[in-house]
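Open your viewer and get ready to click along.

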Amino acid sequence: MIDIPNRLQGVRVALVALDADRDSKNYARWTQDPELMRMFDTSAARPVSVRRSKEFYERFAYKDDAVDWAIKHLETGEVIGLVGFHSIRASHRTGDLHIAIADGGQRGRGLGQEALTLALDYVFLELDWHRVGLNVYAHNDRAVRLYHRMGFRDEGVLRDVLLRDGKWHDMLFMGLLRHEWPPDASVVRRIHHVQICIGAEEVEHARAFYLGGLGLREIDKPQALLSRGGFWAELEGQQIHFGVEQGVDHTLTRAHVAWQVCDLPAWRARLEAAGCLILESIPIPGYDRFETRDPFGNRMEFIQATQ
Amino acid sequence: MPTENLYTGKHVHLTVPDPDTDVETESLWSHTADYDALLRTEVKRPVSVHRLKKRYEDAAKEPQNDAEFDFRIRLNEDERLVGELKLWADWALSDAWMNLGIGLPGDRRKGFGSDALRLTTRYVFDELNLRRITTAIPGYNEAALAFLTRHGFKVEVRSREALFRFGRRWDSLGLGLLRADWEALR
């Protein structure tokens with residue numbers, strides 16, 4: 001006899017059936033939290049009455065192409081959010097995830113991660129799904145970090161799709177395949193940052209070269225690291241750290257970062273004008289490229305995909 | 001001032017569905033091998049004339065949904081039904097989700113789709129005043145990808161291995177056309 005796992009029961013949370021009576025009261029209360037509702041979906045945030053919430057729950061608890069659970073906090077017995085899948089395509093063995101830890105006081109405690117683990121175990125290990133997709137607003141940092149941690153990979157972005165408080169926000173699309181779950185802890189996940197080293201007296205020059213010249217965007221460096229000097233920058237969701245190092249001749253190493261560009265001749269001209277010496281690289285299929293050194297001696301490659 | 005009819009192009013025009021006459025043709029589309037496979041991700045199944053009639057009758061009982069636009073594409077010369085266009089407006093995102101299809105293989109590659117898409121973009125950007133159009137196609141539908149990119153759509157999302165058909169996995173592509181790109185093409 002095999003040991004039958006209860007996939008919907010975790011250590012701190014359990015996924016339980018929706019109950020229109022119980023959940024409609026919670027939902028009506030949650031809709032009073034505009035920050036929650038603004039992250040949850042694309043429609044305008046609005047408070048919803050208990051009666052309307054109940055109609056809503058009765059409708060969506062029994063749809064063929066969706067499954068939803070209430071997230072029950074085992075310690076208090078309270079329902080703190082919901083998790084489920086919509087746009088289920090049974091014939092393709094796929095579905096799209098949604099999750100909310102609606103109870104503000106319970107956020108940031110790992111309960112969402114536990115609920116998400118239960119839900120993903122259920123669809124991958126019980127239902128034998130092939131893929132789970134999702135979309136999330138790029139400014140929903142906590143959710144983006146959670147999805148990356150769970151192994152979701154970026155698959156696309158709709159730029160400037162949501163206008164809120166006078167600012168445009170992006171929507172990110174991600175996907176997780178069966179063989180990517182659970183995330184393999186023995187393999188590193190993605191490049192978080194690389195470090196480029198410069199001398200202590202070169203920091204302002206490096207700012208001008210890399211922020212002004214290459215177009216990187218400076219991001220805040222944590223308070224605890226400020227005294228070390230240097231600065232941090234960001235490009236397309238990845239970070240480049242500029243660190244201070246003394247007495248090292250960077251021209252001795254071939255170590256480098258390759259910057260992908262879309263107008264290689266213009267970059268060549270611009271760098272030449274800035275006094276960089278351009279060297280031809282050995283041609284490789286699919287790309288045009290050249291190499292040079294930054295003003296601090298670090299090797300740099302510029303690369304462009306050919307048509 | 002606009003001088004052209006919003007619904008009439010060079011070859012085709014957009015009309016409301018006509019349940020009495022359209023059901024035969026729509027049932028025929030659902031029986032051809034490729035129509036659903038090229039456009040839809042749902043399980044394809046043939047639909048009877050009777051069932052389509054019932055669907056139209058049920059829909060007529062529902063209140064009009066202001067976010068939903070259901071057009072049929074007909075030939076200017078003889079009113080023959082050749083395709084369908086469905087739009088769902090998301091007012092908060094200022095986006096129109098689009099499903100556009102020419103039903104029978106014999107009616108494709110004749111400019112009907114391009115004509116209908118020009119009417120669609122004008123309707124979405126000039127009448128509904130939305131900012132973008134979104135659509136999705138299966139990764140194996142290369143003709144649709146070429147057609148949409150020719151009209152300014154860009155691939156924005158590649159959902160890896162989202163579909164299983166013809167014995168293997170395929171990506172699903174999400175494409176978008178922004179108002180600015182459309183204006184630049186005009």
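Begin by selecting the contact between the chains: 19 residues of chain B and 25 residues of chain A take part, where contact means heavy atoms within 4.5 Å. Before going further, note that this is a predicted model, in which local features need pLDDT of at least 70 and side-chain atom pairs count only at pLDDT 80 or more, while totals for chains, interfaces and linings use all residues. Residues are numbered from 1 along each chain as its sequence is written, chains are lettered from A and ligands numbered from 1 in the order in which they are written, and side-chain values use heavy atoms, with hydrogens and water left out.

**Stop 1: where the chains meet**

The size of an interface is often given as the accessible area lost when the parts come together. Here chain B and chain A bury about 1,800 Å² between them, and 49% of that is on carbon and sulfur atoms. (Buried area is the accessible area, found with a 1.4 Å probe, that two parts lose on being put together, summed over both.) Now pick out Leu93(B), Arg131(B) and Arg160(B): in chain B these lose the most area to chain A, together 34% of what that side buries.

Next, colour strand β6 (residues 154-165) of chain B, which gives the largest share, ten residues, of the side of chain B that touches chain A. Helices (H or I, at least four residues) and strands (E, at least two) are DSSP runs, numbered from the N terminus. Which classes of residue make up this side of chain B? It divides into seven nonpolar, two polar and ten charged residues. In this scheme Ala, Val, Leu, Ile, Met, Phe, Trp, Tyr, Cys and Pro count as nonpolar, Asp, Glu, Lys and Arg as charged, and the others, Gly among them, as polar.

**Stop 2: the cavities**

A search of the whole structure finds two cavities of 30 Å³ or more. On a 1 Å grid over the protein atoms alone, a cavity is a set of points where a 1.4 Å probe fits but cannot get out, and a pocket is an open set with protein on both sides within 12 Å along at least five of seven lines; lining residues have an atom within 4 Å of a point. Grid points are joined across faces, edges and corners, and a volume is the space filled by probe spheres set on the points.

For the largest cavity, select Tyr27(A), Trp30(A), Leu36(A), Met37(A), Phe40(A), Leu82(A), Ala100(A) and Ala102(A). The volume is about 50 Å³, and the lining has eight nonpolar, no polar and no charged residues. α2(A) provides the largest share, three residues.

**Stop 3: an open pocket**

Finally, select Leu172(A), Arg190(A), Glu234(A), Glu236(A) and Gly237(A), which lie nearest the centre of the second largest pocket among its 29 lining residues. About 1,300 Å³ of space lies in this pocket. Colour β7(A) too, as the largest share of the lining, six residues, comes from there.
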